[in-house]
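Student: Could we go through the aromatic contacts of this model and set each label against its definition?

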Amino acid sequence: MRTAEFDRETVLRNAMQAFMTYGYNKTSMPKLTEVTGLHPGSIYCAFKNKKGLLLAAIDQYQADRRVHYQQLFANSTSLRCALERFLQDLVAECLGNESKKVCLLTKTLNEIGEQDADIQTALSTNLSQFESLIRQQFLIAWPDSEAFSEEEATNRARFFIMSVYGIRTYAATQCDSSHLNALADRLLEVSI
């Protein structure tokens, strides 16, 4: 049997866009074959089924986000700058053309997360990795702040992430730049 050849990252990014736009249940196999350019047999061979494709798309989504945020933080000179850049990026994303698409993790969690243990595990793992990435910023002794203790860094990271997902959810129905910027500014102030 011949192995299908394709650009895995491109396929996964196209699949994640479909899942973010339509949700898991409304993303049909014909839609997935359309957006990925793969035949159904190739999807089944490479990912076993639609759920396998979703799980791989979640991993790709988080890997892409991690690289993006690490670059964002690496180019920052202070904790305030790092968090401010993160929040500016968040608001721009919420206001962009993709604003009607909710974050893949949020959309999947709301739609099917509690119904499937594998998906729940993947989402929990990815959110834990995101928390760890943010916590690391609070653990650094930046020029404008001392490093926080592990416990305080963890608490601040959890609060920050909860607020980020609150802003994303708010933006899905109230996509007003002045409101989103005010929320981001307030979050920045209470986080440092």
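This is a predicted model: local features need pLDDT of at least 70, side-chain atom pairs count only at pLDDT 80 or more; totals for chains, interfaces and linings use all residues.

Student: Why is the pair of phenylalanine 138 and phenylalanine 148 called edge-to-face?

Tutor: Rings of Phe, Tyr and Trp (its six-membered ring) pair if their centres lie within 6.5 Å, and planes under 30 degrees apart count as stacked, over 60 as edge-to-face and the rest as tilted. Here the centres are 5.9 Å apart and the planes stand at 70°, so the pair is edge-to-face.

Student: What makes phenylalanine 138 buried?

Tutor: Buried means under 20% relative accessible area, exposed over 50% and partly exposed in between (1.4 Å probe, protein chains only). Phenylalanine 138 has a relative accessible area of 1%, so the residue is buried.

Student: How many aromatic pairs does a search of the whole structure find?

Tutor: The search finds 9 aromatic pairs. One of them joins phenylalanine 86 and phenylalanine 160, a tilted pair with 5.4 Å centre to centre and 55° between the planes.

Student: Which residue lies over the face of tyrosine 24?

Tutor: Lysine 50 does, at 4.5 Å from the ring centre; the criterion asks for NZ of Lys or CZ of Arg within 6 Å of the ring centre and within 35 degrees of the ring normal. Arginine 168 likewise lies over the face of tyrosine 165, at 5.9 Å from the ring centre.

Terms used. Residues are numbered from 1 along each chain as its sequence is written. Side-chain values use heavy atoms; hydrogens and water are left out.
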